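I opened the notebook to look up contacts, strands and surface in this model. My entries follow the structure.

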Amino acid sequence: MKKNILAMGIAAAIAAPVAMAEAPTLYGQMNLGVTKVTNEGTNVIHRNSRLGIKGAKDLGNGLTAVYQLEGTVGHNEDYDAKLFNRNTFAGLAGGFGTVVMGRHDTPLRMIQPTDGFNDNVYLGNNTGRFNGFGGLDGGEHRLENVIAYISPSFSGVQLAIAGTSTAVKEADQALNNGISASVAYGSKRQGLYAAAALTRVDKDHSLVDNKLDVQRVTIQFAEAGLVVSGMYNTTKKGGNKTGNSLTFGVSQAVGDFTPRAKISRVSYEDASNSTNAAVGLDYALGKGTSLVAEVGRLDKNNQKGNKDAYSAGKATQAVYLGMNLSF
């Protein structure tokens, strides 16, 4: 399940006693299972298995140094198995908020609603495929060379802004080559959560081959094991409207079982549409360990916004059975 690691880690670091703040924490996930996808056969895969170290150091005078190093374990088609290729940063936190530098998800990506499918390459919000666009065209950026600011909470409202200087030409590099900003209210853990964000990338940015403008609005309600959410995305590439998507999700914990479902309606500039759907079921074996079953279908038109022609001219069906273990 997708977690806002930056916000959660910073909150924990600020709240931690000084004696505890000096000790780094080792954490991770092992997500493994069997998947069957149209035109890809049946395989055993890692689903974003990861290993990380995070912590904080009290500096006195109300300042705390925060850090995190996280990398993918194993291999899947979205991440190579190399050291610390996920959110890896260092920064300072205090009454002014938090400033971090390094590699991290954009504020737009961070406002995704809670999504039990998020580690699924085809069905997760964090890959962009389920919502009709390739990950980068859909705003799912994890930026290198980023500097980000996260404000304190003002009566439940929190602001975030990040900039990156990874233009293709060194002479063109500036902190506004790529900009992402968000405003959010509430918490994804409990009660009402609502947020809006945008990401804008220059045409010569190394991440995309044309100017990109993505906007996102998210709303979620969580109470007594029930999570209901909606997310609207609109993407413009090269100054022209490329398309938009509206995604709804719901899950309900019932004892050790958590059934969940989601559906996305995607519209493209050429007036074609796609409807994507998925259902899943989690069974908790114990703390941090669960069995997972998922099945989903991406419409044959879904690839119009995605350069990865994973099932040219046909609908894509994805089935997954596996186990998630976190520590």
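**Aromatic pair**

I looked up F257 and found that, at 40% relative accessibility, F257 counts as partly exposed. My cut-offs are these: buried is under 20% relative accessible area, exposed is over 50%, and partly exposed is in between (1.4 Å probe, protein chains only). The model is predicted, so I note that local features need pLDDT of at least 70, that side-chain atom pairs count only at pLDDT 80 or more, and that totals for chains, interfaces and linings use all residues. Residues are numbered from 1 along each chain as its sequence is written, and side-chain values use heavy atoms, with hydrogens and water left out.

I then searched for ring pairs and found one aromatic pair in the structure. F257 and Y283 have ring centres 4.8 Å apart and planes at 45 degrees, so I log the pair as tilted. The rule for Phe, Tyr and Trp (its six-membered ring) is centres within 6.5 Å, with planes under 30 degrees apart stacked, over 60 edge-to-face and the rest tilted. F257 is in strand 14 (residues 257-268) and Y283 in strand 15 (residues 273-286), 26 residues apart. Y283 counts as partly exposed, at 30% relative accessibility. Strands here are DSSP runs (E, at least two residues), as are helices (H or I, at least four), numbered from the N terminus.

**Charges over rings**

I checked for charges over ring faces, taking NZ of Lys or CZ of Arg within 6 Å of the ring centre and within 35 degrees of the ring normal. R47 lies over the face of Y320, at 4.0 Å from the ring centre. K262 lies over the face of F130, at 4.4 Å from the ring centre.

**Salt bridges**

I counted 12 salt bridges. The rule is a side-chain nitrogen of Lys or Arg within 4 Å of a carboxyl oxygen of Asp or Glu.

D119 and R50 meet in one of them, at 2.9 Å from N to O. D119 is in the loop between helix 3 (107-110) and strand 7 (142-150), while R50 is in strand 3, 69 residues apart. Are these two buried or exposed? D119 counts as buried at 9% relative accessibility. R50 counts as buried at 7%.

D213 bridges to R200, with the closest N and O atoms 3.2 Å apart. D213 lies in strand 11 (residues 212-223) and R200 in strand 10, so the pair ties together parts 13 residues apart in sequence. D213 is buried at 17% relative accessibility, whereas R200 is partly exposed at 46%. I also logged a network: salt bridges that share partners join D105, R109, E140, R142 and R216.

**Strand pairing**

I call two strands paired if DSSP finds at least two bridges between them. Strand 9 (residues 178-186) runs antiparallel to strand 8 (residues 157-164), with eight bridges. V157 has Y185 in strand 9 as its bridge partner. Strand 9 also pairs antiparallel with strand 10 (residues 191-201) over nine bridges. Four residues lie between strands 9 and 10 in their hairpin. I179 has R200 in strand 10 as its partner.

Strand 5 (residues 88-94) has five of its seven residues buried, so I note it as largely enclosed by the rest of the structure.
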